[in-house]
Amino acid sequence: MCSAIVLALTGCAGGTGENHRKVPLPEKNLEGWVMPLDQFFETDRQSLAGDYAENLLMKPCMNDAGFEWEPPWRDLQAKGSPSVKEIGISIFNLSLAEQFGYGFGPSQDWTTIDQRAWVARAKELWTPAWQEPWEKCLKAARKVLPLSRNTQTANVLYSDAGEAARQRGDVKAAAAAWRKCMQPAGVPDLPEWPYGMPSQSISDKYDIDVAQRHDPSEEEIALAVMDANCRDSSGYSKTAYDAEWEEQVKLLNEHADELVADKAASNDYWARSMKVIDEYAPSRPAG
């Protein structure tokens, strides 16, 4: 008998280990780099909810230990960066290059004054004297809100699919064509693969930290646009996308049962986290 899973699936796994599930695939979207395995990741919103709930549960314990611990209200509906899929994987395309160069587009998340102050305060508190009570309080919080089981299958398979795609001859040829297209840019440490951009010399020259928002110069944007155009004109973007899609479909078919179980566990943890947040979160600030 099949378990009731909150996903549009049909069929049960046979006893021979052969997968008979029919997992619907998303619509292809090269610009957004949409992939078959995306649906099985824990989303950033789910991850943030778990972190937020833990911090709220830790508050009385940390305060009793003599540390100021006041997690501010957090907007879990805030829009993330357009440069990052909602599952936390960055993307790069011509439109993004034209706007943000090699940096990330702006995110509504963690942008309020209270949230920035909270992050700064947490960094200040990170001392040897603080670590022991913090670990104790975190342990106590996780007794109230137990973690879900390990749900990293999608991450591992995503990486495996990418590596398998890069081993294909058509993808290697497209990467070589991209590199030839980029030669006129004169990048001294031009990588063999587009995903190696921005290279270290480019990051240093334009002070790029892809994890932080920055204001790109016209020169950086011009290089990023050239890069994006070379990925398209060389055929790399489409070739790599189609190859990775095919590899992901293979792995999804082989591991569907485990992926579905992982997603159910993630959804359960997210639901439990939201109950904690609903009960303990401070009021939304005015304005």
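**Note on the disulfides**

1. Cys61 is partly exposed, at a relative accessible area of 24%; the term covers values between buried (under 20% relative accessible area) and exposed (over 50%), computed with a 1.4 Å probe on protein chains only. Its partner across a disulfide, with an S to S distance of 2.1 Å, is Cys137. Cys137 is buried, with a relative accessible area of 1%.

2. The model is predicted: local features need pLDDT of at least 70 and side-chain atom pairs count only at pLDDT 80 or more, while totals for chains, interfaces and linings use all residues. Residues are numbered from 1 along each chain as its sequence is written, and side-chain values use heavy atoms, with hydrogens and water left out.

3. The structure holds 2 disulfides, a disulfide being a pair of cysteine sulfur atoms within 2.5 Å. The link of Cys61 and Cys137 is left-handed, with -80 degrees about the S-S bond. Because Cys61 sits in helix α1 (residues 44–64) and Cys137 in helix α4 (residues 128–144), the pair ties together parts 76 residues apart in sequence. Helices here are DSSP runs (H or I, at least four residues), numbered from the N terminus.

4. In the disulfide of Cys181 and Cys230, the sulfur atoms are 2.0 Å apart. This link of Cys181 and Cys230 is left-handed, with -70 degrees about the S-S bond. Cys181 belongs to helix α6 (residues 169–182) and Cys230 to helix α8 (residues 218–233), so the pair links distant parts of the chain, 49 residues apart.

5. On accessibility in the Cys181 and Cys230 pair: Cys181 counts as partly exposed at 28% relative accessibility, whereas Cys230 is buried, with a relative accessible area of 3%.

Terms used:
Helices (H or I, at least four residues) and strands (E, at least two) are DSSP runs, numbered from the N terminus.
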